[in-house]
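Open the model in your viewer and keep the selection tool ready. The stops below go from one chain, across the interface, into the other chain.

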Amino acid sequence: MVPMEYYLLLSAAVFCIGVFGVLTRRSALLFLMSVELMLNAAGINLVAFSWFHGNLSGQAFTLFVMALAAAEVAVGLGIILTLYRNFDDIDVTNATTMRW
Amino acid sequence: MTELPPLTPQFVLVAAALLVFGVDTLLPDRDNNTLLAGIATAGTLLAAGTAAWFLSAGTGDAQFVQFDGAIIVDALSLFFVVVVGSVGTLVVMASHDYLDDADSVAEFYALTLLAATGMTLMAAANSLVTVFISLELASLPSYVLVSYLKRDRGSIEAGLKYFLIGALSSGVMLYGISLVYAATGVMGLPAIADTITAGTDFVGVLGLGIVMLVAGFAFKTASVPFHFWAPEAYEGAPAPVSAFISSASKAAGFAVLFRVFTTAFPLDVIAGTVIDWSLLFAALAVVTMTLGNFAAATQENVKRMLAYSSVGHAGYVLIGLAALQSGGGAQNSLVLGASMMHLLVYGFMNTGAFLFVALAEYWDVGRTFEDYNGLSKRAPVACVAMTVFMFSLAGLPVGAGFLSKYVLFAGAVQSGFAWLAGIAAINSALSLFYYSRVVKALWIEDPRDDLSLSGQPTGLYVAVLAAAVGTIALLVAFDPVAQTATHAADVLFAG
């Protein structure tokens, strides 16, 4: 049996890769993929500990999370499309008409 | 006699959204703006009215648990349905004129109604699963609404930033949920508290999970450290949407924050062993209100000033959580009730202020303080309303903002957080500076020569005046509403 700590380490690693991508990538599409990694890292935890605790609520929630992630990507791609039409680029650092 | 289901307000909002879609599908060629706005207004008004009726009839005392404990209808959730519903009504009424020549109005109203459904469900979420899903149900339509003006670069930029930070914070929050689940093995909020009381092996994981949960709530309530989308999103979005997000969405975020932290992680269970979150919220409250108010004081753009002031007000409301004490009893209900009260009052005065900005955008007068010079010569009635909002936001006794702030700060002092109340009072005094700049521009400065206002935006006018009447009426009728809020907090702590 794989100790639970390994699952936590794996999901933490995936999560950190996601955060790293969010902080460093300039393309909006890569940003979306990085966010997906973060959500799926949480999914690993949920499924692993669903098995550990012997109940199914974690696994059921993971299904909801996958659906929600898809919905979020749909909305995100729509926004990125209009971003491209207005700024001719999907570089998230380009859209800076407002500054404090 | 048949009984209405406890979730009637939410059902009404969904039904109204579907009706808007249906009407638009069946009558695609006609100009449906007025009809659709009517349906949406009726829906939000009915939802708010039903919730208020439930609240006064005592439905909230019983705690109706639905769907295996995932949803709960109690006084707190009904209270926030009233807040979201009344803000939604004002916003939809105002949108009618704002969207006069837009091409896809049905989507706008339907998305507003669906976002309102998500916000009302957030207030009723009683399990981490429903917390996350309702939060996303409120967020996803909001992203689209902010970037609604798809040929306006400001609106797209605002939507992009709102979406990026929203996606990031929901990722962090979901990871937090997974860690809490890892430590406890349950999703229901009361069950989590029971498991923590019984003891868990993963104290560190649980503490980390709780801190990450805060990220999602900080985003929704526009608090530090996830506040930096707020100025951009509020400035770039269509003004009615800014009003909706800054008032209703913030209130819903606080509703779910209150419930999660008082039900799942009660202080007397968790403070000694895992994490003392009241300290965390005290720090966040101080940073949020100070940053919001100082940044607001340096703005030249009225909408952006209101955005930062909205961050500042999130800081005041956080006092309600920061000043909770383990074993605080009735004092805890008083402070939390004061926070809820402030959110209700804020719903009216802040929505009104943003809708006045919408009115100014409708007239094309410009966005800076100087552009507002002498508006009172042309539109005195709306300017009286705006003056009421500004002074009420600053905490002067022309609107209910005075009383709600007073009760909140006094409650913090009584709980032994005099330093927190002191910082809040200093911030509040500073805020008078930038709020009165608007009033000065409206009433004292002379108008530009070419200032002329065209058009008869009846809906906008009615919404602004209704918000002003609400702000003043809450000052007069503060007592019963404050008792309702405190009672809702009582029920929350008792549950």
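How much of residues 30-54 of chain A is helix, how much is strand, and how far apart are the end C-alpha atoms? Select that stretch: the chain there is 96% helix and 0% strand, with its end C-alpha atoms 36 Å apart. Helices and strands here are DSSP runs (H or I, at least four residues, for helices; E, at least two, for strands), numbered from the N terminus.

This is a predicted model, in which local features need pLDDT of at least 70 and side-chain atom pairs count only at pLDDT 80 or more, while totals for chains, interfaces and linings use all residues. Residues are numbered from 1 along each chain as its sequence is written, and chains are lettered from A and ligands numbered from 1 in the order in which they are written.

**Chain A**

An unreviewed UniProt entry lists residues 6-23, 30-54 and 60-84 of chain A under "transmembrane region". UniProt positions are given in the numbering used here, feature names are shortened, and such annotations may be inferred rather than shown by experiment. Select residues 6-23 of chain A next: the stretch is 100% helix and 0% strand, and its end C-alpha atoms are 26 Å apart.

**The interface**

Now show both chains. Chain B gives 33 residues to the contact and chain A gives 33 residues; two residues are in contact if their C-beta atoms, placed from the backbone, lie within 7 Å. On the side of chain B that touches chain A, helix 5 (128-146), helix 6 and helix 9 each supply at least two residues. Helix 6 of chain B has the largest share of that side, 18 residues.

Select helix 2 (residues 28-53) of chain A with helix 6 (residues 153-184) of chain B. Their axes come within 8 Å and cross at roughly 10 degrees. Axes are lines fitted to C-alpha atoms, for helices over the stretch in contact, and angles run from 0 to 180 degrees between N-to-C directions. The two helices are therefore roughly parallel to each other (angles under 35 degrees count as roughly parallel, over 145 as roughly antiparallel, 65 to 115 as roughly perpendicular and the rest as oblique). Residues of this contact include A:Phe31, A:Met38 and A:Phe49 on helix 2 of chain A, and B:Leu164, B:Gly171 and B:Tyr181 on helix 6 of chain B.

**Helix 9 of chain B**

Move to residues 229-236 of chain B. Eight of the eight residues of helix 9 are buried, so the helix is largely enclosed by the rest of the structure. A residue is buried if 20 or more other C-beta atoms lie within 10 Å of its own, exposed if 12 or fewer, and partly exposed in between, with C-beta atoms placed from the backbone. The cover over helix 9 includes helix 5, helix 6, helix 10 (239-264) and helix 13 of chain B.

Among the contact residues are B:Tyr234 of helix 9 and B:Tyr308 and B:Val311 of helix 13.

**B:Gly292**

Finally, centre on B:Gly292, which is found in helix 12 (residues 277-297) of chain B. B:Gly292 is buried, with 28 other C-beta atoms within 10 Å. Beyond its neighbours within four places in sequence, B:Gly292 is in contact with B:Tyr308, B:Ser309, B:Val311, B:Gly312 and B:Gly315.
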